[in-house]
Amino acid sequence: MNIDDCRIIELPKFLDVRGNLSFAEELKHMPFEIRRVYWLYDVPGGVARGGHAEKNNEELIIALSGAFEIVVDDGAKSKTFVLNRSYYGLYIPNGLWREIKEFSTNALALEFGSISYSADDYIRDYEEYKVYAKREHQSIQIEPLAVRNHQDIGKYSVFDCTMVELDRHHSDRNGNLTVVENGATLPFDVKRVYYIYDVPGGESRGAHAHRELEQLIVAASGSFTVTLDDGKSKRSFFLNRPYQGLYVKPGLWRDLVDFSSGAVAMVLASDVYKKEDYIRDYKEFLEYRK
Ligand code: T46
């Protein structure tokens, strides 16, 4: 717990005619393994979120769209950070008090957590926090992630892919929060999150398959259509809700089209970026599917 370890981390940004893509991988763009990914949206103007400390949870927070302010406090001093670009993240070590405020219209905050949700990890009373902050404390040992193996990856069809309804924690007072927790929500553990934004009208993304990667694709903001192709059948899914995701099995061709303005396609992925996992040639894909 050291407020001076709070820092802005610059994330990769790939800009081309089809828009921008950025990503954050565990242990590379954040100094911890991902246990939880959650996002805040529909936050009414003028309200704040947070207002607590998390004793053991480390976080990386990104403004996927819009802007907001984060005030971090160690009981003695505080620091304020403004996030307004999706290629910057704020790393917050465990044990610090934090408040997120000044949400702009359409603000979307993406957060990564280093431990599973536990109500016991929170201190919600500032006076209690000040007492806690005075004491010396040590980080807990984070249990290792469950190891998954990919040996059973077969050739999936588009009918193995489904829309998943995610938790939506709604509050009339301060908006919505959706969370994905490793080992609990999806059939894979999230190791990387990437997001596509600023897509010019009429442009499309994708046009490739992954050999092993599993994904959950979410319209974190706006809408777009994903078409999946297994070489025999195609299926299209319209995505327009931040609390629903399309679970995509490995080995399928995908195209993302019809992006609305302001759309953010957020993808939770089962592995770090591996160039060799891509099949970008459709003929080669059809051969691979035989
Ligand atoms: C997918 C669709 C939905 C990285 O260096 N790291 C990453 O994690 C990713 C995702 C991309 N990149 C680089 C590779 C390229 O130089 O970013 C550049 C643009 O990537 P790509 O042309 O693959 O972007 P899309 O939108 O066609 O595809 C992406 C994902 O790559 C893919 O996994 O399923 O979004």
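Trainee: How much space lies in the second largest pocket?
Mentor: Before the number, a word on the model. It is predicted, so local features need pLDDT of at least 70 and side-chain atom pairs count only at pLDDT 80 or more, while totals for chains, interfaces and linings use all residues. Residues are numbered from 1 along each chain as its sequence is written, and side-chain values use heavy atoms, with hydrogens and water left out.
Mentor: Now the general idea: rolling a probe the size of a water molecule over the atoms shows where empty space is left. A pocket is an open set of points on a 1 Å grid over the protein atoms alone, where a 1.4 Å probe fits, with protein on both sides within 12 Å along at least five of seven lines; lining residues have an atom within 4 Å of a point. Here, the second largest pocket holds about 420 Å³ of space.

Trainee: Which residues lie nearest its centre?
Mentor: L21, Y194, R205, Y278 and R280, out of 20 lining residues. The lining splits into ten nonpolar, four polar and six charged. Strand β17 contributes the largest share, four residues.

Trainee: And what takes up the space of that second largest pocket?
Mentor: The ligand does. A molecule counts as sitting in a pocket if more than half of its atoms lie within 2 Å of the grid points.

Trainee: How many residues surround the ligand?
Mentor: We take residues with a heavy atom within 4 Å of the molecule. That gives 17, the closest being R192, Y194, R205, H210 and Y278. Eight are nonpolar, four polar and five charged. β17 (205-210) leads this shell too, with four residues.

Trainee: How much space lies in the largest pocket, then?
Mentor: About 500 Å³. Of its 25 lining residues, R49, G50, H52, Y122 and L177 are closest to the centre. β5 gives the most to this lining, five residues. By type, the lining has eight nonpolar, eight polar and nine charged residues.

Note on methods:
Helix = DSSP H or I, 4+ residues; strand = E, 2+ residues; numbered from the N terminus. Nonpolar A, V, L, I, M, F, W, Y, C, P; charged D, E, K, R; others polar. Points joined across faces, edges and corners; volume = space filled by probe spheres on them.
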